[in-house]
Amino acid sequence: MLRSAIVCTVIALAPGLASASVVRPRLDVTGWVNATTTIPAALVTPAMAQNIGPGSHLLINIPNAGTFGCTANFVWASGNVRYLGAAGHCFLPASATATHGVGANYDASGVVVRVCVSNCSFGGATGFTVTGTLVQLGAVVYARQTAADGDIGNDFGVVTIPMALASMVRPSMPVFGGPTGTDTITQGEPVCHYGNGVIVGETFVTMARVGVGNGATAKSWSGVLVAAPGDSGSAVETCDVGPTGVTGRGAAGILTHLAVSTEGVVFGTTVARAIAMATEAGLFLSVVLP
């Protein structure tokens, strides 16, 4: 049985122009007990193929900044290369703006990104243990977390998926399925995402969550969804609610910000904006469909 809280309250905040303070919900796990195991790509078996894609746990080490937990969004393609997306702030120190484009001031070549492929747990009884089997991804080829014209809607980044891990790529969203294409979030329609947020040291009862969209501009979207630190970067789909459950439909956004004083309100970058942003690094991205 799908256990997801369907939130039916729509709060009228203009997308990208929140009246409340907002935070970027990556999870700082610096100093946590690291009980993970990172295995070489050569040891990965096809049986693990479902484990790199939307909703995957990411563990990211940023030199001189710390180690952070985020959630992957969609699998992206530019030419023959495949990438895994997240929020731009997942790959950047707080003081940095971008790796490419206007205001670029950070070289991400030292950032190490690992993705959990089995037995993943960020949290636990103490809230300070990370467990699971991880594989290391390639280079962070683009990341941005702010722009001169505002913050929300300017937060996106991608990391290369090595060819050796191609058999593991899973473009579909866990539980909900999809996307079947791209879409725009409209006010009042159901939206769904799968994230790895942690509250007071414990993960949610379900990582698959359903909420209500509050609309979108060309750059940003907002909605009412259950989210917490660790959910940064997660894929947001428009979804259909039917007699047999909730089904994902269109790749619509990336979760990047939580409203501090308005419970349940989240914001992010639209898929269309993410595609436009990546051209700063010479990437011409498209969402890889299942």
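Modeller: Glutamate 189 has a relative accessible area of 12%, and because buried means under 20%, glutamate 189 counts as buried. Please keep in mind throughout that this is a predicted model. The partner of glutamate 189 is arginine 249, with which it forms a salt bridge whose closest N and O atoms are 3.0 Å apart. This pair links distant parts of the chain, since arginine 249 belongs to strand β19 (residues 245–259), while glutamate 189 sits in the loop between β12 (181–182) and β13 (190–194), and the two are 60 residues apart.

Through salt bridges that share partners, Asp183, Glu189, Asp240 and Arg249 are joined into one network.

The structure holds 7 salt bridges in total, and another of them joins arginine 24 to aspartate 151, with 2.9 Å between the closest N and O atoms. Arginine 24 is in the loop between β1 (22–23) and β2 (27–28), whereas aspartate 151 is in the loop between β10 (140–144) and β11 (156–160), so this pair ties together parts of the chain that are 127 residues apart in sequence. Both ends count as partly exposed, arginine 24 at 30% relative accessibility and aspartate 151 at 25%.

A disulfide is a covalent bond between the sulfur atoms of two cysteines. The count here comes to 1 disulfide, formed by cysteine 70 and cysteine 90, whose sulfur atoms are 2.1 Å apart. The torsion about their S-S bond is about -95 degrees, and the disulfide is therefore left-handed. It too links distant parts of the chain, for cysteine 70 lies in strand β5 (residues 66–71) and cysteine 90 in the loop between β7 (81–86) and β8 (112–123), 20 residues apart. Cysteine 70 and cysteine 90 are both buried.

Cysteine 192, by contrast, is in no disulfide, although the sulfur of cysteine 239, the nearest cysteine sulfur, is 3.2 Å away. The reasoning rests on a cut-off: a disulfide needs cysteine sulfur atoms within 2.5 Å, so the 3.2 Å from cysteine 239 to cysteine 192 is too far for a bond. Cysteine 192 is buried, with a relative accessible area of 0%, and cysteine 239, at 2% relative accessibility, counts as buried too.

Of its 290 residues, 54% count as buried, and the protein exposes about 11300 Å², of which carbon and sulfur atoms supply 57%. If you take the contacts between residues at least 6 apart in sequence, 71% of them join residues at least 24 apart.

Terms used: Residues are numbered from 1 along each chain as its sequence is written. This is a predicted model: local features need pLDDT of at least 70, side-chain atom pairs count only at pLDDT 80 or more; totals for chains, interfaces and linings use all residues. Side-chain values use heavy atoms; hydrogens and water are left out. Buried means under 20% relative accessible area, exposed over 50%, partly exposed in between (1.4 Å probe, protein chains only). Contact means heavy atoms within 4.5 Å. Accessible areas come from the Shrake-Rupley method with a 1.4 Å probe; for residues, only the protein chains shown count as cover. Helices (H or I, at least four residues) and strands (E, at least two) are DSSP runs, numbered from the N terminus. A salt bridge is a side-chain nitrogen of Lys or Arg within 4 Å of a carboxyl oxygen of Asp or Glu.
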